[in-house]
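Try each one before you read the solution.

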Amino acid sequence: MSLLRVEDLHTHFISRDLDNQIQVAKALNGVSFSLDAGRILGLVGETGAGKSLTATSIMGLLRPPARIMGGRALFQGQDLLAMPDDDLNALRGRDIALVVQSPKSSLDPLSRIGDQLIRIRRAHRGGTASEAREKAIATLGALGIPDPARRMQAWPHELSGGMAQRVLIALALMNEPRLLIADEPTTGLDVTVQAQILDLLRDLVRRTGIAAMIITHDLGVVAHYCDEMAVMYAGAIVESGPVRQVFRRPAHPYTVNLIGATPERLRLGATRTVGGPPPNLKALPPGCPYQDRCPQAGADCTMVPPDVPLGEGHVARCHRVAA
Amino acid sequence: MTAPILEVEGLVKHFDVSRHVKVHAVNGVSFSIREGETLGVVGESGSGKSTIGRSVIRLLSPTGGTIRFRGRDITNLPESACRPLRAEMQMVFQDPWSALNPRIRIGDLIAEPLKLHTRLSAAERRDRAEALAIRVRLTPELLTRFPAELSGGQLQRVCIARAIATSPKLIVLDEPTSSLDLSVRAGILELLAELKAETGAAMMFISHDLGTVKLISDRILVLYLGSVVEYAPTAQVFADAAHPYSQALMSAHLPADPDAVLKRHVLQGEIPSPINLPPGCHFASRCPVAVPRCRIETPRLDAVAGDAEHRAACLRIAEGANRIPALEDAHG
């Protein structure tokens, strides 16, 4: 059984415009994927594709006007979306941990690092302060933070970006979660620091057998640190599968375009059609969301495309793809 | 060999934070850009990339050193004399949303440099603006719109159209694609490559995205804490970097290809503060092959193995001890 199994997740933003007309932005349109223990899934896509929203929907962190319209998110067999708040609160921060994008604004500026680490441990696992303190020092040490006992006294504003990101990962790991969701964990960090953080995440998954989901727009991160990948476009996963398979034989026209736009594949001088602004989620066409930009679109693309299996877990949601 | 269009020698730029505290943003940087050449400038945050770019086109006044543009010393030119010069040297900024006046229509934004630098009539400027818009692949309908109605990629095209309006000899591009999505970024890079071939303008391409720099640059300047650590043709820096920092930087780059084999040299720690720079080599505190004398002597930017095109600033190169150890690539 998969550790996390998301089925047909729909999230909409429902609001009223200035004329008091109801506006519905269909931000997630049937997201399905699963993640096994010991694996790293890379969720990729461009701005507005719904990557972060997938994570916040699963974690029950949505605020109005966002609303889940349907679907299930099974974590160890339990549906997170149908769970009472108290049960979800007990689970979040303990079994499922989220590392968000901006480390500096996610730490409590008025608490020392050590106090924040101890607090999250005791809130979920109980125990004495000194036990939690030992655990905190050990976790910081395991994340390659020099002199962890002294670092416990530091204030968030004293930390560099890379160090703050490590502290955030430490917070996520304090309760030994089964699933770690990292939303753009290295965006904004320098490349040499990015390598340190990603190495750490991967070692953690390999060593402890937890599952991780990395949300990123950087295909380089996916190529080298993830086992599986899922490509999102306009709130749906258009292609997913083992990383090497998808890179070697991308099947969905959007994935082909995306991988072709990486500096490694791009051939300057060969003029080609390229992407435009993100799709308008308030006026998505019926059927395939990519049809108006797709070089291969035909009449049948106004019908909902099937998920075509391509072997070894590689799936593309497209009418043009032959199994 | 074509003559350099820009020659920078010993450029220094310090910012005063308070009476006794200075940020040493750029500390004696020398390089040149040849006619029609694209120079990639790479380095991590705080390495002085943007400060150099802004000093070169005199948006900042250097603390020391000389800047020569087409043979003319422009280091201490007063602002009034810099203005006409800017028809020949233009800049494109990272964030197109804040680079354009939100209350001016796209057509007028593109025509603005023509108004400042040419004697064209209003009608001629309008025609020229339309031609420029088409050149950067914007549909002419957009000319009557305001910046808020355009996407990031379209706005960056507007900025590029403005930059090429006066047919400059040098364009400084400061992270022009960093705020854009991958497929939009590809379109901008294609446009820049076309313009380069068409106009022969030299470009200074500042970026922390090594994949992009590799694609578009002829030569690369690698910066660390405001100093040049390596200066060489692009292929050489990527295949055979001499400076330990360049080796680590290049190896931290993740190509979007799972079959690419990574040479891993992971550095410990982070870039130190540019306020209190240590003596000697600024990289010594993080360098895996540093020896005590690296903390005393300042290395010079010397030719590597007698190749004048390939320069690096490291004392250990002469000893043949500049290679930093690679980690095992754990994932295969």
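**Exercise 1. A threonine in a loop**

In which loop of chain B does B:Thr298 lie? Then decide whether B:Thr298 is buried, exposed or partly exposed, and look up its contacts.

*Solution.* Keep in mind that you're working with a predicted model.

Step 1: B:Thr298 sits in the loop that runs between helix H10 (244-252) and strand S11 (302-304) of chain B.

Step 2: count C-beta neighbours inside 10 Å, and you get 14 for B:Thr298. Buried would take 20 or more, and exposed 12 or fewer. So B:Thr298 counts as partly exposed.

Step 3: leave out the neighbours within four places in sequence, and B:Thr298 is in contact with B:Gly280 and B:Cys281.

**Exercise 2. A glycine to go with it**

*Solution.* Step 1: B:Gly269 belongs to the loop between H10 and S11 of chain B.

Step 1: 15 other C-beta atoms lie within 10 Å, so B:Gly269 is partly exposed.

Step 2: go 16 residues along the chain and you have B:Ser285, with 8.8 Å between its C-alpha atom and that of B:Gly269.

**Exercise 3. Two domains**

Work out how chain B is divided into domains, and which elements supply the domain 1 side of the contact.

*Solution.* Step 1: the division gives domain 1 (4-217) and domain 2 (241-327). Their C-alpha centres are 29 Å apart.

Step 1: 9 residues of domain 1 and 8 residues of domain 2 of chain B make up the contact.

Step 2: on the domain 1 side, strand S2 (22-34) and helix H8 (210-216) of chain B each bring at least two residues. S2(B) has the largest share, with 4 residues.

Step 3: sort that side of domain 1 by type, and you find 4 nonpolar, 4 polar and 1 charged.

**Exercise 4. A helix pair**

Describe how H4(B) and H5(B) pack: what are the angle and the axis distance?

*Solution.* Step 1: helix H4 (residues 106-117) and helix H5 (residues 122-135) of chain B pack at about 115 degrees, and their axes are 9 Å apart.

Step 1: the crossing of H4(B) and H5(B) is right-handed.

Step 2: H4(B) contributes residues including B:Ile110 and B:Leu114, while B:Arg125 and B:Leu132 are among those from H5(B). By type, the contact residues come to 6 nonpolar, 1 polar and 4 charged.

**Exercise 5. A sheet in chain A**

Give the strand order of the 4-stranded open sheet of chain A, and find the strands at its edges.

*Solution.* Step 1: the order reads S2-S1-S4-S5, with antiparallel pairing.

Step 1: strand S2 (22-35) and strand S5 (78-79) of chain A have a single partner strand each, so one side of each has no neighbour in the sheet. That puts both at the edges.

Step 2: zoom in on S5(A), which is joined by 2 bridges to strand S4 (residues 66-75) of chain A. Within S5(A), A:Gln78 is the bridge partner of A:Phe75.

Definitions and conventions:
Residues are numbered from 1 along each chain as its sequence is written. Chains are lettered from A and ligands numbered from 1 in the order in which they are written. This is a predicted model: local features need pLDDT of at least 70, side-chain atom pairs count only at pLDDT 80 or more; totals for chains, interfaces and linings use all residues. Domain bounds come from an automatic or database domain assignment. Two residues are in contact if their C-beta atoms, placed from the backbone, lie within 7 Å. Ala, Val, Leu, Ile, Met, Phe, Trp, Tyr, Cys and Pro count as nonpolar, Asp, Glu, Lys and Arg as charged, and the others, Gly among them, as polar. Axes are lines fitted to C-alpha atoms, for helices over the stretch in contact, and angles run from 0 to 180 degrees between N-to-C directions. A crossing is left-handed if the near helix is turned anticlockwise from the far one by less than a right angle, and right-handed if clockwise. Two strands pair if DSSP finds at least two bridges between them.
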